[in-house]
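Notebook open, structure loaded. I'm jotting down what I look up as I go.

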Amino acid sequence: MKVLLCSSEIVPFAKTGGLADVAGALPFALENIGIEVILAMPKYKSIDEAKFGLKKLNKDIYTAKIGKGITVYFIDNKKYFDRDGLYGDKDGDYPDNLERFAYFSHRVLDLLPQIDFKADCLHCNDWQSALIPVYLKTIYKEKSFYKNMGTMLTVHNLAYQGLFSKSEFPKLGLDWNVFTMDGLEFYDKVNFLKGGIAFCDIVTTVSRAYAQEIQTKEFGCGLEGLLNKRRDVLYGVINGLDCGAWDPSEDKLIFKPYSSGNWEDKYFNKTALQKECGLQVDPNIPLLGFVGRLAEQKGLDIFAAAIDEITKLNLQLVFLGTGDMKYHLLLQGVAKKLPCTLSLSLKFDNSLAHKIYAASDIFLMPSRYEPCGLGQMISLKYATIPLVFKTGGLADTIEDYDPLTDKGNGFVFDCYSKSALVKEIKTALYFYQQKNIWNKLMDRAVKYNFSWDESAKKYRDLYKKCKPSA
Ligand code: ADP
């Protein structure tokens, strides 16, 4: 089975978000189960050629090797990719993003005969490579080399669709007959993601619950009708976690590594972080951690509305993140007023993130929507019990603790409101006080296996199904 995975960002070469993590980790798991996989991405200016051992294949293609035998192909184009950002700069998105990623998609397709790679499936990701299925079924349709290639498009976050002015459509080289309601047209604009969803053979997204949710008006970002129409080929495959990077027994970024059952060492991390953050040093006060974007998507709106009630409870909060200015200001005000209750770091800091995952008792992730989410999986690995809203990947990975059946691995509220959030925090605090229950929750949390192995097998089954339709 041969697969080409296309992504506009791949760890370790270039990253702005979770897409890069997936595109950097999934290929290793695919290779381990016998799939011949190659990768393609743009050759951005920021990619360190010497560090990654890039070699020039021909005038505009570079290669590097990862894993046992995975080749990464970098598409070079000085005009489009030799700049500081991936998608934009301080003034916003680059104005020629339509041309940049249309070019990328074309060049990836042209590459295949040059390297004689007859892929069974072209696995595209997000709007930046969503034109590949469109081109394959239009401009490349009659070319025999591509005859049996299937296409899969994975949507990592439906909110980002690649929208452009209609006046730019001719630059794509496509016939106007695809600029329709069933194709790339979206409220008189060009929509790359919509085109990809309409033309690909299989659509996936990063959790089963999100695959259902995006067919509704509430979560569909205007594409719910099309997604519903394509529901027979729409699947959810949960992302895995890079278990090497997130392992408390090997973690060099935390105060003291610890392993399952060795909870004294976890509490050592807690008191050390309390000290570092200027909070009262006391292993018995429940410590609630948050690491993430300070945005409405992450539940900051209901958290902000509930903050007066929450800070009156017997707890401490440690927040790390950046995002909307209104949440920066609000949290800064609370941290100033209540420095013994809220510690706030408005920055991106991987090392502090590790410390928070290790030190906290409860991990707050009340996201309004969450395609997959990593924080809840990481926190379980660190025996930090997640408190989440029942949505998307959070609903797929976290089950509400039920004392009657002694089942569950976290605290889940299912009505998105300030009062439900406060109530759930109170429930979690109640069980936190019962050490026998809490210890059992921690013991169970670390046993969850979120490795890529299972998800890679699901992708393999879908690649097998991925046959070109008419
Ligand atoms: P997103 O929607 O932002 O991709 P995820 O939960 O899928 O959310 O992944 C976010 C990842 O980024 C997590 O690994 C989280 O720990 C990390 N992260 C987010 N904000 C910060 C920050 N300010 N500092 C360090 N790590 C962060």
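Which backbone oxygen does the side chain of threonine 311 reach at 3.2 Å? I checked, and that oxygen belongs to aspartate 308. Bear in mind that I'm working from a predicted model.

Then I wanted to know where threonine 311 sits. I found it in helix H10, which covers residues 300-311. Is threonine 311 buried or exposed? I put it down as buried, because its relative accessible area is 13% and the cut-off for buried is under 20%.

I listed its neighbours too, skipping residues up to four places away in sequence: threonine 311 touches Leu317, Val334, Leu338 and Thr341. I took leucine 338 for a distance check.

The largest nonpolar core holds 95 residues, and Leu172 and Ile197 have the most contacts inside it. Helix H4 (residues 97-114) is its top contributor, giving 8 residues. I noted a separate core as well, with 72 residues, including Trp246, Leu300, Phe303 and Leu320.

Last entry: what does leucine 172 contact, leaving aside neighbours within four places in sequence? I wrote down Leu98, Ala102, His106, Leu131, Tyr135, Ile139, Leu184, Val190 and Phe192.

Technical notes
Residues are numbered from 1 along each chain as its sequence is written. This is a predicted model: local features need pLDDT of at least 70, side-chain atom pairs count only at pLDDT 80 or more; totals for chains, interfaces and linings use all residues. Side-chain values use heavy atoms; hydrogens and water are left out. A nonpolar core is a set of buried Ala, Val, Leu, Ile, Met, Phe, Trp, Tyr and Cys residues joined through side-chain atoms within 4.5 Å. Buried means under 20% relative accessible area, exposed over 50%, partly exposed in between (1.4 Å probe, protein chains only). Helices (H or I, at least four residues) and strands (E, at least two) are DSSP runs, numbered from the N terminus. Contact means heavy atoms within 4.5 Å. A polar contact is a pair of N or O atoms within 3.5 Å; within protein, one must be able to donate a hydrogen and the other to accept it, and residues adjacent in sequence count only if both atoms are side-chain atoms.
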